[in-house]
Amino acid sequence: MYRALQRSFASLPRVTEKMVAYTAIDQKGVRHQLLGLEGASVVEGLQATGYMPVVMSSKQGPDMHVTVANEWLQELPQMSAQEATHLAALASNPGPNSRLASFLTLRPELNGLVVAVAPMKSDKPV
């Protein structure tokens, strides 16, 4: 019985196999190397570093405006109408690489992703 359990657990992915590494550059230019669990959002990793998200998104959670490095744009899904609406309402001077961190879901293809924390319209935490 023990050997059967051992074999079945051996075929399950380890947590480390489900981790996605990415870099967030804060507004002072400091690079933070982050690890997030596949399926988690980028904002969850930003919170773990001590960032205080400043607004609540339509998803009823914390959010941040981030700028995605050019080389990663093609790896991201198209921005949804919902994200575009909320980005326009929350981000200060959004640009072509602007996204909301709560809408970016980590997956293996994003291993190495680079984002920069960008200005929001509100400086006060909600």
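This is a predicted model: local features need pLDDT of at least 70, side-chain atom pairs count only at pLDDT 80 or more; totals for chains, interfaces and linings use all residues.
## S41 and its surroundings

S41 has a relative accessibility of 11% and therefore counts as buried, since the cut-off for a buried residue is under 20% relative accessible area. When residues up to four places away in sequence are left aside, the residues that S41 touches are Y22, A101, S102, L104, T105 and L106.

## The hairpin of strands 1 and 2

Strand 1 and strand 2 run antiparallel and are joined by 7 bridges. Among the residues involved, I25 has R31 of strand 2 as its bridge partner. The hairpin that these two strands form has 5 residues between the strands, and in this hairpin G29 adopts a positive phi near 90°.

## Salt bridge between E38 and K18

Across the whole structure, a search returns 3 salt bridges. In one of them E38 is paired with K18, and the closest N and O atoms of this pair are 4.0 Å apart.

Are the two partners buried, exposed or partly exposed? E38 has a relative accessible area of 33% and is partly exposed, and K18, with a relative accessibility of 33%, also counts as partly exposed.

## Salt bridge between E83 and R99

A salt bridge also brings together the side chains of E83 and R99, with an N to O distance of 2.9 Å. This pair links distant parts of the chain, because E83 is in helix 3 (residues 81-90) and R99 is in strand 6 (residues 98-100), with 16 residues separating them. Both E83 and R99 are buried.

## Salt bridge between R107 and E109

The side chains of R107 and E109 likewise meet in a salt bridge, for which the N to O distance is 3.1 Å. With a relative accessible area of 26%, R107 is partly exposed, and E109, at 45% relative accessibility, is also classed as partly exposed.

Conventions. Residues are numbered from 1 along each chain as its sequence is written. Side-chain values use heavy atoms; hydrogens and water are left out. Buried means under 20% relative accessible area, exposed over 50%, partly exposed in between (1.4 Å probe, protein chains only). Helices (H or I, at least four residues) and strands (E, at least two) are DSSP runs, numbered from the N terminus. Contact means heavy atoms within 4.5 Å. Two strands pair if DSSP finds at least two bridges between them.
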